[in-house]
Amino acid sequence: MEERLDHICIICGNSGRDGITIVSEFICEECEMEMVRTDVQDAKYPFFIHQLKQIWYPKNA
């Protein structure tokens, strides 16, 4: 049986087990669902883009 560890979501900062990993960054299932349903004109859209940049630009770069 495989043990699953909690990961920290790069969008909301909460820990979770269910979600996706892109490169080495985790996105929880709730944030993933909210992102795919968010219209580009929604006020929260730029926040998601900013948070997703962490995938390509490390925090200490």
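A residue counts as buried under 20% relative accessible area, as exposed over 50%, and as partly exposed in between (1.4 Å probe, protein chains only). This is a predicted model, in which local features need pLDDT of at least 70 and side-chain atom pairs count only at pLDDT 80 or more, while totals for chains, interfaces and linings use all residues. Residues are numbered from 1 along each chain as its sequence is written, and side-chain values use heavy atoms, with hydrogens and water left out.

**Exercise 1.** Decide whether Val 23 is buried or exposed, and state where Val 23 is found.

*Solution.* Val 23 has a relative accessibility of 67%, and therefore counts as exposed. In the chain, Val 23 is found in the loop between strand E3 (19–22) and strand E4 (25–28), where strands are DSSP runs of E with at least two residues and helices are runs of H or I with at least four, numbered from the N terminus.

**Exercise 2.** Classify Phe 47 and Phe 48 by accessibility.

*Solution.* Phe 47, with a relative accessible area of 35%, is partly exposed, whereas Phe 48, at 3%, is buried.
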